[in-house]
Amino acid sequence: MKVKYEYLTQDIIDKIEEYRKEFPYYPQQLIIPALHEILYKYRDIPEEAIYELADYLKVHPSEVEGIVTFYDMFRHKKNAKHHIRICRNLPCHLAKYKNLLKMIENLTGAKAGGNSEDGMWYIELVECIGSCAIAPAFLIDDDLYDGSQIKSEEDLRKILEKYR
Ligand code: FES
C-alpha cells in the first residue's frame, strides 16, 4: 500500500505500529513517541507533519499541536549542527544547572537561546525532560546526559568532542 503522506513515511509508520503493540488502547499515547520519530528523522517537527500524524492516528490536530507546543524538545532548531537542551526546572535548578550551563557556554561559544558562531551548537533551556533523577539533566541531540557526573570542563569537553 502506498503511503499517502509526505512526512509520515513508511519507516515512521512502522515505528508507530510497533509502539501501538505496547499501547493499543488510546491513540493519544502514540503521539509523543511518534513525534520523537519525526524529530529524529527531520530534526524538526514540520507543520504538515502535525496534520499528517493527527490524520493517521485519528486524533484532532490540536491534540498533536498541544504536545508540540508544550514540550520544548519538539521545537527543534535546524540551524545549528547540534542542539543542546538543558533542563532548568526545580530539581535541575537545585542541582545547579546554571553551573553546567556556564561550562557548556564556555566550551561551545554559544549562549542559551542562541547558536555558536561556527554553527555547531545551539543551546536551549527547556522545561523538565523527565529525567529528574539525573539532575541537572541535559540532552545533546537525542542523547541524554547526567550533569551530576560532570565535575569539570574537562569531563564536558570529552563529551562534546564526540560530536565534533
Ligand atoms: S526537572 Fe530537570 S529533568 Fe526534570
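Trainee: What should I know about the model before we start?
Mentor: It is predicted: local features need pLDDT of at least 70, side-chain atom pairs count only at pLDDT 80 or more, and totals for chains, interfaces and linings use all residues. Residues are numbered from 1 along each chain as its sequence is written, and side-chain values use heavy atoms, with hydrogens and water left out.

Trainee: How many aromatic pairs does the structure hold?
Mentor: Four. Rings of Phe, Tyr and Trp (its six-membered ring) pair if their centres lie within 6.5 Å; planes under 30 degrees apart are stacked, over 60 edge-to-face, the rest tilted.

Trainee: Why is the pair of Tyr7 and Tyr42 edge-to-face?
Mentor: Because their planes stand at 80 degrees, with the ring centres 5.3 Å apart. Tyr7 sits in the segment before helix H1 (10-22) and Tyr42 in helix H2 (residues 31-42), 35 residues apart. Helices here are DSSP runs (H or I, at least four residues), numbered from the N terminus.

Trainee: New topic. How many salt bridges are there?
Mentor: Eight. Each needs a side-chain nitrogen of Lys or Arg within 4 Å of a carboxyl oxygen of Asp or Glu.

Trainee: Where are Asp55 and Lys4 in the chain?
Mentor: Asp55 is in helix H3 (residues 47-57) and Lys4 in the segment before H1, 51 residues apart. Their salt bridge spans 3.3 Å, N to O. Lys4 is exposed at 65%.

Conventions: Helix = DSSP H or I, 4+ residues; strand = E, 2+ residues; numbered from the N terminus. Buried < 20%, exposed > 50% of the residue type's maximum accessible area, 1.4 Å probe, protein only.
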